[in-house]
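Here is a short tour of a model, meant to be read with the coordinates open beside you. Shall we take a helix to begin with, then a sheet, and then some charged pairs?

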Amino acid sequence: MFADANDSTPADSRILPNYSLDDLDKESLQQYRQLFAIARPNHPWLGFDDLTLLEKLGGYRKDRETGKEGFTLAGLLMFGKYESIIDNVCAPDFFPDYQEWLNDDPDARWSTRIYPDGTWEANLFQYYRRALPRLQNFLPNPFRLEGNTRKEETSAHVAIREAFINLCVHSDFSVNANLLVKHVKNTFIFSNPGTMLITKAQYYKGGQSVCRNKSLQKMFMMLGAAEKAGSGVDKILKGWSDSNWRSPYIEATLRPDIVNLYLPMVSLLDEEVKNGLIGLFGKSIIHIKHNWLHTLALAFTEGYVTNERLRYALKIHKADIYTLLKDMCKEGFLITEGHGRGTKYYLPTLDANIGSNVGSNVGSNVGSNVGSNVGSNVGSNIGSNPTKRKSKPELRAEIIKCCSDWVSLEFIATTIGKNTDYLLAKVFPSMLEEGLIERMYPNTPRHPYQKYRKK
């Protein structure tokens, strides 16, 4: 807490005693210079020797108060040899890890992994060079022109790069946790050790930058890969919005302190969601207001929506979200459960009484928003399940595949498209009893940071 609170002396500016140029990887420094020259070809720092360049970047520092000078934590983390980095004086728990979990077999391990295995100098710069291209290769790369120049990079590529840089510059390297990037089916997960230095609301709002490791931030900035203006979150949200994927979201856990950023690469209106909504409300539902459609899609895929969830998914004021939910309930698109902040909003499904109410309400009130055929479509379709039902073994297999590592209930529900309440009440009890999965906090089932993994 004291280290994070002292903004004038960031954690990564700490001078490490008894380190020399021999502890740095010369190849990393050379490759960094090359990327620096590409990003800023006329920059005056490019003419400096290695030591002077490191001093400009914050990798080497002189303390005017004590007279001490030497390489900093940032310098070693970015360019150091791995054995020098994990020395007790530097960052003994440093472990950059990248994993791809893309096998269809739920019992299989990762299909690809990049980690300190002795075949490369596992510093942050080499981690960036190896892992980021693999992440971006999984993104669609449509052909487009800017002027007469072919542009390969999309806003989604920018979003992934910002997420990766955030992982590196906001990590607390004194915490016993790994830097982990995981690519599971249709989702990228960035896990960095430490706590958030701003609130979730400030994070999603953007425009505020509180950096734990300012020298590392400067080093990535010189490559054109980071900014100090607090716009990184905006770029992440924009990249996913431009791709019409489900909104990114974050989770924070304590002991160990870890911040997880989830980037679901799943369309808000994939075929299953689209067909489900059409089954409920008729074909005209696809042409209603964007925020209404976004809300219905989230409710369909995640089981329900809340005011707080929509605050992070829709770029509108919380008062407007309240009005939106009120109007959608009035028109029969949503039904409520609970009161106040705990109110949940569900799609009107599986209940004949709700079906008849929605059929008449939508038919008489929605009008131009949905079309005159909605009432009859809802009345006839509301009693049937809009999605393909999964057998018990299929559902369990999907859950086990999600739980290769500790994951939240929300992540499981979002990934397999089931209601969190349904999973807790109907599925998890038997799986826990049979030892198929386990809780992170077994003695506190309702722990606010509860997570699950396969045994």
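## Helix 12 and its surroundings

Helix 12 covers residues 290-302, and its 13 residues reach 18 Å from the first C-alpha to the last, close to the 18 Å expected at 1.5 Å a residue. That expected span is 1.5 Å times one less than the number of residues in the helix. Helices here are DSSP runs of H or I with at least four residues, strands are runs of E with at least two, and both are numbered from the N terminus. Please keep in mind that this is a predicted model, in which local features need pLDDT of at least 70 and side-chain atom pairs count only at pLDDT 80 or more, while totals for chains, interfaces and linings use all residues. Residues are numbered from 1 along each chain as its sequence is written, and side-chain values use heavy atoms, with hydrogens and water left out.

Is helix 12 largely enclosed or open? Because 11 of its 13 residues are buried, helix 12 is largely enclosed by the rest of the structure. Buried means under 20% relative accessible area, exposed means over 50%, and partly exposed lies in between (1.4 Å probe, protein chains only). Among the buried residues are Trp292, His294, Phe300 and Glu302. The buried residues of helix 12 pack against helix 11 (271-281), helix 13 (307-313), helix 14 (318-330), strand 12 (344-346) and helix 18 (409-416); contact here means heavy atoms within 4.5 Å. After helix 12 comes Gly303, with a positive phi near 95°.

Elsewhere, 6 strands make up an open sheet with mixed pairing, in the order 4-3-7-8-10-9. Strand 4 (112-114) and strand 9 (249-253) each have a single partner strand at the edges, so one side of each is left without a neighbour in the sheet. On average, neighbouring strands of this sheet are turned by 15° against each other, direction ignored. Two strands count as paired if DSSP finds at least two bridges between them.

Strand 3 (residues 96-101) runs antiparallel to strand 4, and 3 bridges join the two. Within this pairing, Glu100 stands opposite Thr112 in strand 4. Helix 6 (residues 124-137) lies across strand 3, strand 4, strand 7 (179-184) and strand 8 (187-193), at about 15° to strand 3. For such angles, axes are lines fitted to C-alpha atoms, for helices over the stretch in contact, and the angles run from 0 to 180 degrees between N-to-C directions.

## Charged pairs

How many salt bridges does the structure hold? There are 7 salt bridges, each a side-chain nitrogen of Lys or Arg within 4 Å of a carboxyl oxygen of Asp or Glu. One of them joins Glu100 to Arg134, with the closest N and O atoms 2.6 Å apart. Glu100 lies in strand 3 and Arg134 in helix 6, so this pair ties together parts that are 34 residues apart in sequence. Glu100 is buried at 2% relative accessible area, whereas Arg134 is partly exposed at 31%.

Lys451 and Glu251 also form a salt bridge (4.0 Å, N to O). Since Lys451 is in strand 15 (residues 451-454) and Glu251 in strand 9, the pair ties together parts that are 200 residues apart in sequence. Lys451 is buried at 6%, and Glu251 is buried at 11%.
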